[in-house]
Amino acid sequence: MNYTLIMRQPGQILLILLLVMAIGLGVGISVIQRSVTNISTASKVEQSSRAFSAAEAAIEKALQGSCTGGPCVSFDNLATASIQGGELLPYPGEALEYPPISKESVAQFWLADPSTLISTCGNCSINVYWGNATTSPGDVDPALEVTVISGLAPYSATKYFLDKQASIRNNGFDSATITCPPPAPIATYYGSIRSFFCSKTISLSGVTSPILLRARILYSNADQPIAVAPVSPYSLPSQAKIITSTGQAGSSKRTVQLFTEDKVVPFFFDFAIFSAGDISK
Amino acid sequence: MRKNSGISLVEVLLVITAVGVLVLIIGGIPNSIGLIGKAGRQSIAREIASKQIEDKRVISYANLANGTVAVVDLRLSSLLFGSGQVLVSDCDSTVCNNGEVAKKLEVIITWKELVGTETLKLNTLISEGGLNQ
């Protein structure tokens, strides 16, 4: 029997030791790495919460008018926040874009001064833009219901129903006078080149004292932006503010943006029945 | 000539190094597992505090009474000796230095860890006619 071959295998134990060490290192390092990641994440999320709360606090101060820009809030938990924006919009001659709204929500645009209801629109025209430039997969093209409220006791409401897919949906909406996509991007507060799904030019010529434009997205389940741009020389009245607040705590920053508009009529206004006298049935 | 068998110095040094590294790594594992647990408890505390702020924001400003209220949340039981309080007070001049009509909201969650006590504090403001008002 050849004991030499069986007994004398120098280095075998070293190999086994290396294997055990490799496994131990692998397990140990993965546990340590996970704990470092967890602690880092928890710490950052905690800082993020402090920053978000500070950002909200700065928005509150900005709404009170006491903070119009720059550093705004400093708490003893080392969270701070600063404000950008907050000026009245839109600027003269510029478009006003509503933040994306969901189906059946209403975007309201004042065509007259919200305080006095005095309109500067004399035979003016406006361009209405709606929808994301590209329709999301699984979603459908948005249609738009526009209501223009005008006159001063009595008030009048003129409705427009706009749909690129009117012939397919067979809903009787207008597709002939809309442009999809709009001829050119427009500039709004949200960007200098804003593209939309469709646009329509609404002439307010002959409309007495246009006051409000209310727009509602139909069909689409995705949030859609809506914008109204005046046709020169008309300018929309100042009516909204966009306040951006950035909170910071540690290395985390959180930004909160608020779109606020004065005197917004609730969404169910369009479905309410108004009568000068009693309604009998 | 007879061959000498035995263990070389290099092999001994390698073994000592390997065992030493293994002991260091494995010795750190319990500490790391403890840190993972701590991170989880910190997240729970943050969620409790954030929820308290959200709950206060839906209350109208006029109904927001000054004072200290204990936090009631089932998740506090996940924290060792976990407790919390919500302090509502008129915004002081260090924060509201322009006479703003606002209340300062402070949520403090404390709990015990293996070493010492941990505290998480969130501060915000709620003003008259502000967010959700």
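The paragraphs that follow describe chain B and then its interface with chain A.

This is a predicted model, in which local features need pLDDT of at least 70 and side-chain atom pairs count only at pLDDT 80 or more, whereas totals for chains, interfaces and linings use all residues. Residues are numbered from 1 along each chain as its sequence is written, chains are lettered from A in the order in which they are written, and side-chain values use heavy atoms, with hydrogens and water left out.

Chain B contains one helix and four strands, arranged along the sequence as α-β-β-β-β, where helices (H or I, at least four residues) and strands (E, at least two) are DSSP runs numbered from the N terminus. Its C-alpha atoms fill a box of roughly 105 × 35 × 25 Å along the principal axes. Of the 133 residues of chain B, 37% are buried, that is, under 20% relative accessible area with a 1.4 Å probe, protein chains only.

At the interface, 38 residues of chain B are in contact (heavy atoms within 4.5 Å) with 37 residues of chain A. Four salt bridges are counted between the two chains, a salt bridge being a side-chain nitrogen of Lys or Arg within 4 Å of a carboxyl oxygen of Asp or Glu. B:R57 forms a salt bridge with A:E56, with the closest N and O atoms 3.1 Å apart. On the side of chain B that touches chain A, the elements giving two or more residues are α1 (9-57), β3 (102-112) and β4 (117-127) of chain B, and the largest share, 18 residues, comes from α1(B).

How values were computed: Buried < 20%, exposed > 50% of the residue type's maximum accessible area, 1.4 Å probe, protein only.
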